[in-house]
Amino acid sequence: MPFSVFLLLGVALCSQGVASGSHSLRNKPGVGLAGQLSNTTMSESSSDECDLVMNHSAANRCAFVKDTPDCGMEDGFINYLDVAFCLLPPNLTPLTITLCVLWLLVLFVILGLTASKFFCPNLSAISSSLHLTHNVAGVTLLALGNGAPDIFSAIAAFSHPHTAGLAVGALFGAGIFVTTVVAGSVAMVKPFAVASRPFLRDIIFYMVAVFWTFLVLYRGTTTLGEILGYLGLYAVYVLTVIISAYIYSRQKNLMNTSVQNVPHIPEFHSSDSSDDDVPYLASGTIQQEYESEYRPLLPYSESTSQILLSSLNPVDSRQWRRKSWTWRVLKVLKTPLEVLLLLCIPVVDPDKEDKNWRRPLNCFHLITAPLVCVLAFQSGKYGEYMIQGQFPLWLLTLLLGLFLAAIVFCTTTNDSPPKYHALFALLGFVVSAVLISAAASEVVSLLHMLGVVLSLSNTVLGLTLLAWGNSIGDCFSDITIARQGYPRMAISACFGGIIFNMLIGVGLGCLVQMVKTKADVQFDSVGLLTWILAGSLGLSLVLSFIIVPLRQFHLGRSYGIFLLVFYAIFLIIALLTEFGKIHT
């Protein structure tokens with residue numbers, strides 16, 4: 001990921017001198033949503049457009065940014081355009097950009113850690129408390145957990161006219177990245193026969209979603225009915241998954257009943273089997289066996305201070321000894337962020353005997369979690385809010401948190417969780433969602449600044465940096481699952497997640513914008529790059545829909561290589577289009 005980021009920035013910097021006279025101009029804000037999606041056509045714009053900052057001399061750029069209303073960033077804690085041009089002298093702008101890229105990597109780490117370590121486990125605990133089946137939880141709550149960075153990034157990008165192209169580029173870019181690079185890597189690591197019915201079901205629904213989005217961009221507008229249709233299409237997908245799983249389960253039970261008297265039946269695996277046939281990674285069972293092996297023989301009770309210190313240590317000493325040095329280096333770099341998140345977000349683990357109840361830390365969460373929500377919600381909008389103009393909201397939240405923490409601490413013990421411990425999962429879910437939303441807003445604002453400075457369109461930033469940053473974790477996790485012998489689970493995760501991201505990302509993003517503006521969402525005419533992006537994604541899906549059945553649903557190394565080559569060709573064409581080498 002870091003190498004890809006700096007490679008793209010290097011290409012952009014090298015081409016900046018050639019393209020200095022052809023900066024992409026974003027459209028002026030208007031009623032509804034006027035996302036800038038074109039980088040190949042020039043348009044006349046008023047002199048107050050922030051993109052024109054690069055047309056000024058280095059000494060005048062800071063004054064231009066400060067005097068131009070269009071350069072004011074409504075979302076995010078930091079005005080990155082002001083940082084880029086006013087923080088350091090003009091001759092040190094490359095250093096500022098480098099620091100911003102490093103901060104972008106930190107934001108991606110925060111997104112990944114919050115989603116994987118806190119958001120997903122709490123969603124899993126909520127689904128267990130609600131007694132949801134694996135199918136329902138997989139296509140609803142767990143899909144939300146896996147796609148949280150993409151969803152919140154899309155909502156944040158759609159909320160501002162200048163960054164709408166990021167949402168389109170990121171959703172399409174992540175889709176083509178997952179269906180080619182991730183799926184191709186899984187096929188190369190572990191050739192296998194894909195489950196035919198789930199594969200065809202997922203790819204058909206995804207093609208419908210992509211085609212629908214293509215029509216919206218072509219028409220340049222979308223209505224409330226279409227947005228509700230987006231969300232309704234995902235509801236139909238969820239029902240299809242549930243009904244098909246129920247039908248397959250009944251057929252399987254009838255088959256087992258009819259042959260139960262047969263002494264031995266050979267194990268049968270077909271490409272027509274359902275996802276439910278895939279062995280489930282029972283991490284909870286493995287973890288319980290792992291912990292029981294190291295459980296002390298004699299009773300041992302930790303003190304409150306020991307529990308607090310051990311709860312804030314994200315490093316497992318036994319795991320540390322088994323891992324490679326690269327994992328250790330990354331763990332050391334991520335540890336400060338993990339500790340900060342552990343201080344703010346409670347995690348309930350239903351697979352553990354004590355449900356991950358940590359009395360001192362959970363009581364501390366009652367203070368920090370609501371305070372973080374107030375300070376981080378909508379990029380700190382309510383951090384300075386005064387109740388009746390006299391009493392700060394954050395202070396009231398702090399006092400209420402102290403009161404609740406004192407009550408819980410005095411009425412519970414270290415050894416057993418209280419009956420209402422499941423509510424901590426809901427609290428952890430809310431805090432995780434707020435932090436992911438805040439980090440996503442910062443990512444979108446930062447990418448918008450990089451687009452202005454490097455003369456890159458929001459679309460290309462979305463399909464590269466934003467898509468890579470949000471998908472790289474899924475890539476590694478799916479490849480790891482495939483290496484462990486579960487390639488069907490990995491390929492199912494590839495398609496199931498991006499369907500959720502596309503339908504819910506576009507649907508919620510446009511719906512939020514409609515609520516704000518009380519008008520239909522309007523898209524300006526898109527450029528060649530967007531059509532290349534949408535066409536490439538559609539072509540990859542159609543080819544997979546044709547080739548995979550012709551190969552009897554067997555995904556081998558040759559097919560994996562084909563997908564990787566397809567993505568490389570697409571990326572080259574997209575970058576050549578961005579830098580003006582390919583044009584209409």
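**Aromatic pairs.** I began with the rings of this predicted model and counted 15 aromatic pairs, where the rings of Phe, Tyr and Trp (its six-membered ring) pair if their centres lie within 6.5 Å, with planes under 30 degrees apart taken as stacked, over 60 as edge-to-face and the rest as tilted. The pair W320 and W327 is edge-to-face, because the ring centres are 6.2 Å apart and the planes stand at 65 degrees. I then looked up the cover of both residues, using the rule that buried means under 20% relative accessible area, exposed over 50%, and partly exposed in between (1.4 Å probe, protein chains only). W320 is partly exposed at 27%, and W327 is partly exposed at 24%. Elsewhere, ring pairs join F205, Y234, Y237 and F500 into a cluster.

**A charge over a ring.** I noted that the charged end of R359 sits over the ring of F409, 3.8 Å from the ring centre; the rule asks for NZ of Lys or CZ of Arg within 6 Å of the ring centre and within 35 degrees of the ring normal.

**How I read the model.** Residues are numbered from 1 along each chain as its sequence is written, and side-chain values use heavy atoms, with hydrogens and water left out. Since the model is predicted, local features need pLDDT of at least 70 and side-chain atom pairs count only at pLDDT 80 or more, while totals for chains, interfaces and linings use all residues.

**Salt bridges.** My search of the whole structure gave five salt bridges, each a side-chain nitrogen of Lys or Arg within 4 Å of a carboxyl oxygen of Asp or Glu. In one of them, R219 and E226 meet at 2.6 Å, N to O; R219 is partly exposed at 43% relative accessibility, whereas E226 counts as buried at 17%. In another, the closest N and O atoms of E338 and K331 are 2.9 Å apart, and here E338 is buried at 6% and K331 is buried at 8%. D354 and R358 also form a salt bridge, with 2.7 Å between the closest N and O atoms; D354 is partly exposed at 24%, as is R358 at 22%.

I found 20 helices and six strands in the chain, taken as DSSP runs numbered from the N terminus (helices H or I, at least four residues; strands E, at least two).

**A loop residue.** V348 belongs to the loop between α13 (325–344) and α14 (359–376), and I recorded V348 as buried at 6% relative accessible area. Leaving aside residues up to four places away in sequence, V348 touches P121, N122, A125, K355, H421, F424 and A425, a contact being heavy atoms within 4.5 Å.

**A nonpolar patch.** On the surface I204, V208, V542, F545, I546 and L550 form a nonpolar patch, with about 500 Å² of accessible area together. Patches are made of residues with over 30% relative accessible area and no salt bridge, like charges being joined within 9 Å and nonpolar side chains (Val, Leu, Ile, Met, Phe, Trp, Tyr) within 5 Å; accessible areas come from the Shrake-Rupley method with a 1.4 Å probe, and for residues only the protein chains shown count as cover. Helix α19 gives the most to this patch, with four residues, among them F545.
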